[in-house]
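Colleague: I have some questions about how the labels on this model were assigned. Can we go through them one by one?

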Amino acid sequence: MRIVVHGQEAFGKAVLERLLERGENVVAVFCAPDKEGKAKDPLAAFATEKGLPVHQPKSWKSPDALELMKSFKPDVCMMAYVTLFVPQPVLDAPTYGTFQYHPSLLPLHRGPSAISWPIAFGKTHTGLSIFWPDEGLDEGPILLQKECDIGPDETLGDVYFKKLFPMGVDAMIESLDLVRDGKAPKIQQDHSKATYEYRFKKAMAEIDWSKPAGEVYNLIRAVNPAPGAWTRFKGQRFDIFDARKIDGSGQPGEILGVSNDGVTVAAAGGAVLVKRVRGEGQKVPAAEFAASTGLKAGDKLDAPEPKQSA
């Protein structure tokens, strides 16, 4: 079977590595264009090292891009972490079509921040989908799904790197085997149950300490390591990473204590122990940050600025 891999970053590289370990016939690799000033994409670098044809088109919407895909006479295209829009003629070019990885249980959490939102919403499980993409956003028929728990203290990084990343690589290979054996289903998504969340941008990760402590803690977990939850002290913005929800009471944003364990901040109905932060430089223990800024018990973190109406 002639396989084209379309993807990027570490996940795409891991899928390609597994395919080559199995002796699969990978005939080409497609990646998004490299960004100026940044290192070459890990998938592109690895494919080049292995002597595979690598192409990084800026767009798939041109006739030339379609002909490029057709030129490799692929039987199947495996899309592993793809950010560029791919039109239907390109998706349909391989003999058996194109399937794609998405880190949620579709039709839930369509969109680019599919791992962060279930954590932010306080959900206790999520999963991944391998699906046959169409021109809608994460709307094609389902080929395969896998579920996993979200632990009460797990972060975005925990859920992705420890669960959805390795599970996803396995699921991509399992899906290939189903396609090869003629057993790959195409189960229509129930669009009436679909949810879509926008990209979790930095502006959305500002902490409102007047919210329940559980919601604040879920936000911190949902954007750790990126883009990072943040707050301000005397106008100085800093990011919060490692944290823990604990008992405590005080005014929203009030510093309840500073110790070697971290900085305890009051929220509605509880508190959050902040363990690691980043100010203007590298990530440091919260106690070290408090010492450098003069943050102490009794101080209050700044309230969020009112959001501008559209």
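Colleague: Where is Lys 234 found?

Modeller: Lys 234 is found in the loop between β8 and β9. Keep in mind that this is a predicted model.

Colleague: Why is Lys 234 called exposed?

Modeller: The relative accessible area of Lys 234 is 70%. Exposed means over 50%. Lys 234 is therefore exposed.

Colleague: What is the phi of Lys 234?

Modeller: Phi is about 55 degrees, a positive value, although Lys 234 is not a glycine.

Colleague: Which other residue has a phi worth noting?

Modeller: Tyr 81, with phi near 60 degrees. That is a positive value in a residue other than glycine. Tyr 81 is found in the loop between β4 (76-80) and α4 (88-92).

Colleague: What makes Tyr 81 partly exposed?

Modeller: Its relative accessible area is 36%. Buried needs under 20%, exposed over 50%, and partly exposed is in between. Tyr 81 therefore counts as partly exposed.

Colleague: Which residues lie nearest the centre of the largest pocket?

Modeller: Tyr 81 is one of them, with Thr 83, Gly 111, Pro 112 and Arg 199. The lining of the largest pocket has 34 residues. Two elements give two or more residues to that lining: β5 (98-102) and α6. α6 gives the most, with four residues. The space in the largest pocket is about 1100 Å³.

Colleague: Why is the other kind of space called a cavity and not a pocket?

Modeller: In a cavity a 1.4 Å probe fits but cannot get out, whereas a pocket is an open set. The structure holds one cavity of 30 Å³ or more. About 60 Å³ of space lies in the largest cavity.

Colleague: Which residues line the largest cavity?

Modeller: Among them are Phe 238, Ile 240, Val 263, Val 265, Ala 286 and Phe 289. The lining also includes Ile 255, Val 274, Val 277, Leu 295 and Leu 301. The elements that give two or more residues to this lining are β9 (236-240), β12 (262-267) and α8 (286-293).

Colleague: Now Thr 155. Why is Thr 155 called buried?

Modeller: The relative accessible area of Thr 155 is 13%. Buried means under 20%. Thr 155 is therefore buried. Its place is the loop between β7 (142-149) and α6 (156-180).

Colleague: Which residues is Thr 155 in contact with, leaving aside its neighbours within four places in sequence?

Modeller: Ile 119, Arg 221 and Asn 224. Arg 221 is one of the buried residues of α7.

Colleague: What makes α7 mostly covered?

Modeller: Eight of the 10 residues of α7 are buried. Besides Arg 221, the buried residues include Ala 213, Val 216, Tyr 217 and Asn 218. Leu 219, Ile 220 and Ala 222 are also among them.

Colleague: Why does Pro 53 count as partly exposed?

Modeller: Pro 53 has 33% relative accessibility. Buried would need under 20% and exposed over 50%. Pro 53 therefore counts as partly exposed. Pro 53 is found in the loop between α2 (42-49) and β3 (54-55).

Colleague: How do you know that Pro 53 meets residues from elsewhere in the chain?

Modeller: Leaving aside neighbours within four places in sequence, Pro 53 is in contact with Val 27, Ala 28, Val 29 and Phe 72. Contact means heavy atoms within 4.5 Å. Pro 53 and Ala 28 are 25 residues apart along the chain, and their C-alpha atoms are separated by 5.0 Å.

Colleague: What share of contacts in the whole protein join residues at least 24 apart?

Modeller: 67%, among contacts between residues at least 6 apart in sequence.

Colleague: What share of the protein is buried?

Modeller: Buried residues make up 49% of the 310 residues. The protein exposes about 14900 Å², and carbon and sulfur atoms supply 50% of that area. There are eight helices and 15 strands.

Terms used. Residues are numbered from 1 along each chain as its sequence is written. This is a predicted model: local features need pLDDT of at least 70, side-chain atom pairs count only at pLDDT 80 or more; totals for chains, interfaces and linings use all residues. Side-chain values use heavy atoms; hydrogens and water are left out. Buried means under 20% relative accessible area, exposed over 50%, partly exposed in between (1.4 Å probe, protein chains only). Accessible areas come from the Shrake-Rupley method with a 1.4 Å probe; for residues, only the protein chains shown count as cover. On a 1 Å grid over the protein atoms alone, a cavity is a set of points where a 1.4 Å probe fits but cannot get out, and a pocket is an open set with protein on both sides within 12 Å along at least five of seven lines; lining residues have an atom within 4 Å of a point. Grid points are joined across faces, edges and corners, and a volume is the space filled by probe spheres set on the points.
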